[in-house]
Amino acid sequence: MGKQLVRMKAVVYTLSPFQQKVMSGLWKDIPGKIHHKVSENWHSAVLLLAPLVGTYSYVQHYQEKEKLAHRY
């Protein structure tokens with residue numbers, strides 16, 4: 001059971017100049033695109049953000065209550 005040489009070919013994938021222009025266009029006007037998505041799907045955004053904001057505010061309140069607990 002000797003070692004056998006295996007020929008390997010290096011393959012390099014690159015984007016064509018046209019594809020590079022398309023890729024840069026994906027990142028243009030990101031705030032506008034986000035605003036458009038949120039304004040179309042505002043109910044989904046509310047359902048996503050409400051639990052996050054509620055949890056964050058609960059944790060902040062709990063931590064503040066713990067800080068003050070040793071005073072009494």
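In this predicted model, Glu64 forms a salt bridge with Lys67, and their closest N and O atoms are 3.9 Å apart; by salt bridge I mean a side-chain nitrogen of Lys or Arg within 4 Å of a carboxyl oxygen of Asp or Glu. The structure holds 1 salt bridge. Both Glu64 and Lys67 lie in helix α3, 3 residues apart, which is about one turn of the helix. Glu64 is partly exposed, at 39% relative accessible area, while Lys67 is exposed, at 53%, where buried means under 20%, exposed over 50% and partly exposed in between, with a 1.4 Å probe and protein chains only.

Residues are numbered from 1 along each chain as its sequence is written. Local features need pLDDT of at least 70, side-chain atom pairs count only at pLDDT 80 or more, totals for chains, interfaces and linings use all residues, and side-chain values use heavy atoms, with hydrogens and water left out.

Now to the helix itself, helices being DSSP runs of H or I with at least four residues, numbered from the N terminus. Helix α3, residues 42-69, has 28 residues and reaches 40 Å from its first C-alpha to its last, close to the 40 Å expected at 1.5 Å a residue, that expected span being 1.5 Å times one less than the number of residues.

Finally, where is Ile30 placed? Ile30 is in helix α2, and at 31% relative accessibility it counts as partly exposed.

Terms used. Helix = DSSP H or I, 4+ residues; strand = E, 2+ residues; numbered from the N terminus.
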